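Visitor: Hello! Could you walk me through this structure, one question at a time?

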Amino acid sequence: MKPETVFSGAAASGGKAFGIAAFWGSSDSSIVERAGGTEAQERALLAANIQRAKHALATLAYAQDKDAKDIIGLQIALLEDDTFLEPVFARVKSGMKADIAWETHLDQEIDNYAGSEDRHFQSIAHDLVDLKKRMLRLIRESPHSQWTSVQQTNLILLADDISPSDLLSIDRAALSGLALIKGSLTNHVAVLARGRGIPLIVGCPPAILFISNGSPILLDADNNIIAVNPDGNRQINMSRPPSKKPASPRIIHKADAKGSHSENRTVNICLNIDGPEIIQNIDVSAVDGIGLFRTEFLITDGQLPDENEQFEIYRSVLDWSRGKQVVIRTFDFGGDKVINGLIADQNVNPFLGVRGYRLSRMYPDLFRGQLKALARAAPYGNLAVMIPMVTAPFEMSEFKSEFQDVVAELGHQHIRCALPKLGMMIEVPSAALTLDRFDADFYSIGSNDLIQYVSAVSRDTLQLDYLADAWEPSIYRLLRECVSVASAKNVPISICGEIASLPKHIPNLLDCGIRSLSVSPGQVEVVRHAIGQWHRRST
Amino acid sequence: MLDEIQSSAVIHNPAGLHARPSVKLSRLAKTFASDITLSPVDDDSWIDAKSISSVMNLKIREGKGIAIRAIGGDAKLAVEAILGLVERRFEE
């Protein structure tokens with residue numbers, strides 16, 4: 001039996017999972033081999049990734065000096081050169097996988113220039129190596145080219161990092177746990193993992209990428225360890241067996257919660273969701289509705305659902321909620337949630353750039369389609385719609401009149417619709433500091449962004465986790481202010497950020513006067529418990 | 001009406017027709033409708049001037065001559081433009 005090896009990291013989503021090692025996008029290693037598709041699929045994969053590489057290179061070149069632009073310009077020109085690409089497509093046609101065809105052709109070209117007598121031509125080989133790697137990474141990390149030489153269930157995914165959309169593209173049933181070298185405790189991957197009950201350890205040593213593919217692994221995020229070839233004792237101590245079906249978050253009924261039913265009624269607990277699937281196994285009577293539906297995660301395979309599909313989705317959530325409020329947030333792309341092709345992301349700092357409502361304004365057709373779907377769904381329940389990333393009061397009035405226009409237009413066409421409550425997220429300090437100027441039916445504090453904007457600490461930088469608590473006094477003062485402005489205006493205010501899901505922050509939030517928390521489904525139980533303790537302490 | 005124009009020029013760039021000049025030449029060639037081909041003057045092997053990889057792969061070094069041939073409605077303009085670029089030493 002192989003000896004046990006233990007790695008450690010920081011738990012970003014709790015729980016334990018037992019499974020086998022699998023790798024994501026290991027383009028530079030041969031840990032996994034990508035299984036090819038049909039000839040047509042491989043050709044499409046190659047063509048699509050040539051476009052993606054061109055787009056990425058153009059974005060990369062955008063803010064660079066002339067020399068850098070020229071260097072990148074060569075790679076772009078090669079990707080536009082049919083003569084250069086033709087042999088790759090010919091290899092795919094003869095049955096080669098897209099990545100192998102690319103690698104073989106580029107290696108030939110690299111040898112051609114590396115063997116040149118002239119150093120100027122030799123140096124072209126370096127550019128070709130760069131281009132080779134970029135494309136291999138893209139092809140091998142495509143959402144459709146994964147999990148090929150490994151079994152399809154109980155996977156413990158080991159990776160350098162993963163994007164939120166890539167995480168969502170993995171079948172939840174296949175994934176038991178996640179360990180990342182990068183990652184952060186608070187970014188969207190962490191949020192998604194917690195919401196789905198997937199144990200996640202971040203900040204792992206790079207050596208995790210050298211774990212043999214298929215090795216048995218115990219990922220114990222409650223104790224911050226990853227045990228490879230775990231010994232028998234450890235396995236016996238597993239608190240739950242490996243689950244083969246998607247774990248439905250365990251939510252205990254209000255009446256069963258620790259602390260009496262009556263004392264907990266003073267604080268609302270709603271759910272943060274990313275789509276209709278996660279609530280299928282949740283009894284609505286256990287919660288007070290949906291506090292945040294992140295609609296940007298409805299994207300699948302790079303496609304957003306159209307107006308009718310959105311309408312069906314929104315209506316299904318309203319049906320589920322049986323009259324309890326459902327807060328749907330309009331698309332919040334940008335920041336670390338990038339949708340390919342929607343925007344040439346030329347933001348030097350995406351978190352301060354075109355994102356959230358700012359991005360929706362730039363795509364009026366897309367935005368109007370979403371508003372129509374929401375207006376049509378509104379008659380089916382208690383709907384509230386909010387926009388993210390509000391900086392100035394006029395954005396809120398603009399959003400309201402846009403929504404009223406949509407309702408009027410649908411009305412003219414005799415399409416059943418209604419105007420929902422219209423609210424805003426409090427994420428930008430300018431809004432939090434002058435909330436009285438913002439006219440909305442409700443406010444929802446997006447504490448993740450608010451914290452990073454107030455503290456100037458990026459939530460994707462694990463090295464800055466030592467500043468993880470530095471925001472507390474400033475944010476709590478700000479929140480107290482927001483709650484008092486909201487109550488003076490008689491406007492409901494709630495919080496949907498990650499801190500509302502973490503028991504250690506809950507007493508402070510309640511002390512600030514917040515009485516409505518929207519939390520990850522997996523956290524309802526612990527949040528309710530924390531609220532109960534706060535009640536007991538304060539009475 | 002299709003014109004056929006041929007001319008030649010000597011490359012004066014110290015690095016020859018390496019990456020950057022090749023990108024410029026092929027980009028320029030692509031702006032014309034004519035078929036444009038290049039060959040080293042001492043070697044009758046013609047390649048497509050609109051293909052960056054083909055231009056670069058000629059590996060023309062400083063002091064070597066290239067022949068330029070264009071066939072098409074804008075052949076004259078195309079050859080003149082490419083000669084101009086070579087004369088300006090690719091604006092390097």
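This is a predicted model: local features need pLDDT of at least 70, side-chain atom pairs count only at pLDDT 80 or more; totals for chains, interfaces and linings use all residues.

Visitor: Is helix 8 of chain A largely enclosed or exposed?

Guide: Look along residues 188-196, the stretch that forms helix 8 of chain A. The buried residues there include A:His188, A:Arg194 and A:Arg196, along with A:Val191 and A:Leu192. Nine of the nine residues are buried, so helix 8 of chain A is largely enclosed by the rest of the structure.

Visitor: Which residues have the most contacts inside the largest nonpolar core?

Guide: That core has 79 residues. Take A:Met424 as an example: leaving aside neighbours within four places in sequence, its contacts include A:Met386, A:Val390, A:Phe438 and A:Tyr443. The residues with the most contacts inside the core are A:Leu374, A:Val390, A:Met424, A:Ile426 and A:Cys482.

Visitor: How many residues does the second, separate core have?

Guide: Its members include A:Leu74 and A:Ala77 from chain A, and B:Ala49 and B:Leu58 from chain B. This second, separate core has 49 residues.

Visitor: Which element gives the largest share of the side of chain B that touches chain A?

Guide: Begin with the contact itself: 16 residues of chain B are in contact with 14 residues of chain A. Two elements of chain B give two or more residues to that side, helix 1 (19-30) and helix 2 (52-57). The largest share, five residues, comes from helix 1 of chain B.

Notes: Residues are numbered from 1 along each chain as its sequence is written. Chains are lettered from A and ligands numbered from 1 in the order in which they are written. Two residues are in contact if their C-beta atoms, placed from the backbone, lie within 7 Å. Helices (H or I, at least four residues) and strands (E, at least two) are DSSP runs, numbered from the N terminus. A nonpolar core is a set of buried Ala, Val, Leu, Ile, Met, Phe, Trp, Tyr and Cys residues joined through C-beta atoms within 7 Å. A residue is buried if 20 or more other C-beta atoms lie within 10 Å of its own, exposed if 12 or fewer, and partly exposed in between; C-beta atoms are placed from the backbone.
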